[in-house]
Amino acid sequence: MRDRFWERFDLAELTDEEWEALCDGCGQCCLLKFQDEQSGDLAVLNVACELLDIHSCRCSDYAHRFARVPDCTQLTAARIDDFRWLPRSCAYRRVAEGRKLAAWHPLIAGGPERMHRKGISVRSFAVSQREVPEDELEEHIIAILPIDG
């Protein structure tokens, strides 16, 4: 990877390896979300995709995630504006907005533990989709995000 690529290149100029490395591994994009058809608002649950390893906050079958979870969200540089629901802490969002990576980001801190200790990741509050019956999902809403347009 190129030295400090996140400061020197636009998201669209990153290699696949750099794009993947930019992910801070917080797991927030792997939380289930429901969109209200009328308002467009997004309900975020504390329920993580069944493939998310909640301790590491990484996908347990990343290579096959789209086959196993057809509605898995694929974040790409070309579609970054479609993901306004990403948290302000997200490295993709930070770089897209011209902000620096946080000091806790694994590329800066040398690994993910600082991010987990600071409570950025879902490790401390997420539950697996496997543990929550579908008819109880609404009880797990932790935020409503207004999505305009």
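**View 1. A negative surface patch in a predicted model.** Glu134, Asp135, Glu136, Glu138 and Glu139 form a negative surface patch. Such a patch joins like charges within 9 Å, using residues with over 30% relative accessible area and no salt bridge; Asp and Glu count as negative. Glu138 lies in the loop between β5 (127-128) and β6 (141-145); strands are DSSP runs (E) of at least two residues, and helices (H or I) of at least four. Glu138 counts as exposed because its relative accessibility is 66% (exposed: over 50%; buried: under 20%; partly exposed: in between; 1.4 Å probe, protein chains only). The model is predicted: local features need pLDDT of at least 70 and side-chain atom pairs 80 or more, while totals for chains, interfaces and linings use all residues. Residues are numbered from 1 along each chain, and side-chain values use heavy atoms, without hydrogens and water.

**View 2. The salt bridge between Arg2 and Glu18.** A salt bridge places a side-chain nitrogen of Lys or Arg within 4 Å of a carboxyl oxygen of Asp or Glu. In the pair Arg2 and Glu18, the closest N and O atoms are 2.5 Å apart. Arg2 precedes α1 (5-8) and Glu18 belongs to helix α2 (residues 16-22), so the pair ties together parts 16 residues apart in sequence. Arg2 is partly exposed at 30% relative accessibility, whereas Glu18 is buried at 1%.

**View 3. A salt-bridge network around Glu97.** Glu97 forms salt bridges with Arg88, at 3.9 Å between the closest N and O atoms, and with Arg99, at 2.9 Å. Shared partners join Arg88, Arg93, Glu97 and Arg99 into one network. Glu97 is partly exposed at 40% relative accessibility, and Arg88 is exposed at 51%.

Conventions. Patches are made of residues with over 30% relative accessible area and no salt bridge: like charges are joined within 9 Å, nonpolar side chains (Val, Leu, Ile, Met, Phe, Trp, Tyr) within 5 Å. Accessible areas come from the Shrake-Rupley method with a 1.4 Å probe; for residues, only the protein chains shown count as cover. The place of a charge is taken as NZ of Lys, CZ of Arg, CG of Asp or CD of Glu.
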